[in-house]
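Q: Please take a close look at one single part of this structure and then describe, step by step, what lies around it.

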Amino acid sequence: MVTKEAILDALRPVQDPEVHKSIVELGMVRHVEINGDHAEVEVVLTISGCPLRNVIDQEVREALGKVEGLKTFDLKLGTMTDEERAQFRSVLRGGQPEEAAVTPALLAPDAKTQFVAVASGKGGVGKSTVTANLAVAMARQGYRVGIIDADIYGFSIPGIFGIGDKKPTVIDNLLLPVVAHDVKIMSMHFFVPDNRPVIWRGPMLGKMLRNFFAEVHWGDIDVILLDMPPGTGDMALDIHQLLPKSKEIIVTTPQQNATEVAARVGTMAIQTQHEILGVVENMSFFEAKGEKHFIFGKGGGERLSLELKTDLLAQIPLGVANEESVDGIYPAESAQGQAYAHLAKTIGRKLEQAVTTGK
Ligand SMILES: Nc1ncnc2c1ncn2[C@@H]1O[C@H](COP(=O)(O)OP(=O)(O)OP(=O)(O)O)[C@@H](O)[C@H]1O
């Protein structure tokens with residue numbers, strides 16, 4: 001005999017395609033009624049014009065088709081009531097009621113997610129490019145990775161990922177990050193009309209950053225990289241305050257002046273007791289016919305790492321990421337892709353060590 005439990009069990013593996021959680025767990029199965037070998041099933045979606053309606057419809061039908069003894073069924077797709085949506089958001093928030101989400105789950109002391117701020121002294125040294133490519137390389141190695149584009153003076157992350165006009169899905173006041181190359185991305189760029197320059201005052205920056213933790217459904221995530229604005233401004237202080245355990249990577253180019261300003265950023269990290277994972281030297285050399293040309297000089301990354309008593313993690317060669325498209329993600333097999341893969345391994349190892357030593 002067909003039971004409601006059998007139907008719910010069959011539907012449990014069906015996930016909401018956006019939040020990647022079971023539709024049963026999310027309370028999306030509103031109604032199941034069984035009459036002998038026939039069932040009436042109603043599944044509800046968060047919004048009426050849900051773009052992924054067809055995907056859910058098909059997967060539910062397939063799952064129902066596998067229920068033993070069930071010969072026919074009627075499937076109805078409806079829209080959630082306000083109460084159901086509140087319940088849905090609560091499941092996403094890990095059961096916390098909205099008012100209680102003062103400390104977002106990600107910032108709770110026992111949260112497993114690690115934060116790594118990617119900083120530089122000067123602009124234009126490739127900090128955003130490094131953040132994006134490190135994130136992709138870690139995702140390629142199986143880590144669940146997110147990026148917060150906190151570089152409010154020039155949000156370049158969406159451009160580097162080539163995500164064009166894509167915007168986060170909004171479920172009431174909960175945002176789902178945009179996913180590209182298996183990396184979850186949240187950027188202020190998504191909320192700025194026509195790419196207008198934004199004038200931010202200190203307190204607004206902190207508020208925006210908080211919102212990116214409280215109002216974004218990151219799901220299970222191992223590491224969040226933060227693309228920082230260049231220098232030691234308000235945002236850097238906010239990060240230090242909000243994420244006291246955040247680690248830091250410092251990006252520089254080989255030139256003397258780039259490393260000097262980067263050293264100031266490093267000193268600030270040390271003063272605020274943020275562990276520096278190491279230095280990444282970008283645009284280190286140009287390789288042609290097996291020969292390396294040190295166009296911007298040599299040794300900057302090494303000097304900086306010695307000064308900050310940390311490791312030189314990688315030297316990324318010069319090169320265009322993608323001849324055909326505008327995005328800035330290097331293919332895995334390119335020289336840069338390989339350098340990023342190596343960097344991702346090193347960072348992964350350092351973060352795992354930090355977990356085991358409880359730092
Ligand atoms: N290894 C590299 N080889 C060639 N070009 C690179 C490399 N790394 C970065 N670039 C290019 O340098 C420019 C600046 O990079 P990016 O925007 O990542 O720098 P940034 O330090 O984040 O700058 P800002 O802080 O101003 O956003 C971009 O056009 C990027 O494509």
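A: Helices (H or I, at least four residues) and strands (E, at least two) are DSSP runs, numbered from the N terminus. The model is predicted: local features need pLDDT of at least 70, side-chain atom pairs count only at pLDDT 80 or more, and totals for chains, interfaces and linings use all residues. Residue numbers start from 1 along each chain as its sequence is written.

Two strands pair if DSSP finds at least two bridges between them. Strand β9 (residues 183–187) runs parallel to β5 and is joined to it by five bridges; there, I185 is the bridge partner of I147. Strand β10 (residues 223–227) also pairs with β5 in the parallel sense, over five bridges, and V223 in β10 is the bridge partner of V145.

These strands belong to an open sheet of eight strands with mixed pairing, in the order β8-β9-β5-β10-β4-β11-β12-β15. Its edges are β8 (178–180) and β15 (312–316), each of which pairs on one side only. On average, neighbouring strands of the sheet are turned by 25 degrees against each other, direction ignored. Axes are lines fitted to C-alpha atoms, for helices over the stretch in contact, and angles run from 0 to 180 degrees between N-to-C directions.

Further along the sheet, strand β4 (residues 114–120) pairs with β10 in the parallel sense over five bridges, and D227 in β10 is the bridge partner of V118. Helix α8 (residues 256–271) packs on the sheet and touches β4, β11 (247–252) and β12 (276–282); its direction makes about 170 degrees with that of β11. Helix α9 (residues 300–307) also packs on the sheet, touching β11, β12 and β15, and its direction makes about 165 degrees with that of β12. Two residues are in contact if their C-beta atoms, placed from the backbone, lie within 7 Å.
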